Amino acid sequence: MLVALPISLVLVKDKISLPQAASTEILCKAFSDSFSTATYDKSKWRTSDSGTVSISGGNLLISHTAAKTTTVTYAPGGLDYALGGDFGITLDMPVYTGTTAGTYQSLKFKAVGASLAYHEIRRTVRDGKTFLQNEVTSSTGTKKTSELQVTGTGIKVRITRKGSTAISYYQSSTTGGSWKQLAAVTGVYTGKGNVTLRLVTKNSTKVNAKFDNFVISCGTTGGVPKPPSRGNAVPSAQCTQYPQVGVTSPLTKNFSINLSTDDQHLVVSQRTTIAD
């Protein structure tokens with residue numbers, strides 16, 4: 001005899017551990033800042049050297065009159081944002097007045113934790129010539145560096161990472177509005193890191209460095225897919241089947257399950273046929 005049993009279950013989330021989607025952590029979150037406000041947004045940017053950081057002419061300005069290092073970290077919510085997955089980071093460097101070797105402004109991605117890994121593009125000037133330096137360091141501190149002399153104004157830089165490959169690009173008024181490759185490095189650090197804007201100076205000569213149009217991009221060129229949003233159906237591949245509690249007869253299950261979630265409950269509806 002076949003008995004059809006309609007079953008409707010309401011499972012209280014606080015009392016059951018539910019299987020999660022394969023990757024619910026969003027490693028890359030798109031963001032942009034044109035620094036168009038009167039002061040820099042301290043809910044997005046953090047620095048321990050705020051006296052040297054300001055907004056000037058629609059740019060983030062770091063100004064030094066002594067040998068020092070100022071780091072401004074992208075920090076939404078006041079906390080360091082650990083960027084992971086595949087990503088692209090783009091930044092304009094419209095003004096840099098340094099003239100001393102070893103002094104530079106930079107865009108840097110630095111690993112979190114004990115890892116020594118980082119990826120940095122530095123803009124520096126020697127003998128009146130502008131250079132972009134690309135430096136990539138492994139988790140153990142092994143460095144790969146390259147340098148290219150660039151000309152023109154309106155310098156922009158871009159760091160990209162896809163898997164274990166990092167590629168750096170630059171653009172200026174002499175590149176015709178197109179990105180040119182600065183360097184490509186394989187076998188790079190693939191974990192999470194903080195994104196920082198920096199000015200490093202070696203003496204007391206006044207140096208100004210301006211930054212603008214900061215962009216983090218994800219999607220097909222970086223980042224990971226977002227998990228299903230609340231209220232959407234969850235694909236069956238993300239569901240786990242558990243044995244029926246309190247039933248000893250063999251079960252033949254022909255059913256479809258729609259899962260919809262809110263903050264408190266998971267509602268499951270199914271129809272189970274028991275073979276006698």
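Visitor: What volume does the second largest cavity have?

Guide: This is a predicted model, in which local features need pLDDT of at least 70, side-chain atom pairs count only at pLDDT 80 or more, and totals for chains, interfaces and linings use all residues. Residues are numbered from 1 along each chain as its sequence is written, and side-chain values use heavy atoms, with hydrogens and water left out. A cavity is a set of points on a 1 Å grid over the protein atoms alone where a 1.4 Å probe fits but cannot get out, and lining residues have an atom within 4 Å of a point. With grid points joined across faces, edges and corners, and volume taken as the space filled by probe spheres set on the points, the second largest cavity has a volume of about 40 Å³.

Visitor: How do the residues of its lining divide into nonpolar, polar and charged?

Guide: Ala, Val, Leu, Ile, Met, Phe, Trp, Tyr, Cys and Pro count as nonpolar, Asp, Glu, Lys and Arg as charged, and the others, Gly among them, as polar. The lining of the second largest cavity includes Thr97, Gly98, Lys206 and Val207. Its residues divide into 1 nonpolar, 7 polar and 1 charged.

Visitor: Which element gives the largest share of the lining of the largest cavity?

Guide: The largest cavity, with a volume of about 100 Å³, is lined by 14 residues, and Phe109, Tyr118, His119, Val188 and Tyr189 lie nearest its centre. Strands are DSSP runs (E, at least two residues) numbered from the N terminus, and the largest share, 3 residues, comes from E12.

Terms used
On a 1 Å grid over the protein atoms alone, a cavity is a set of points where a 1.4 Å probe fits but cannot get out, and a pocket is an open set with protein on both sides within 12 Å along at least five of seven lines; lining residues have an atom within 4 Å of a point. Helices (H or I, at least four residues) and strands (E, at least two) are DSSP runs, numbered from the N terminus.
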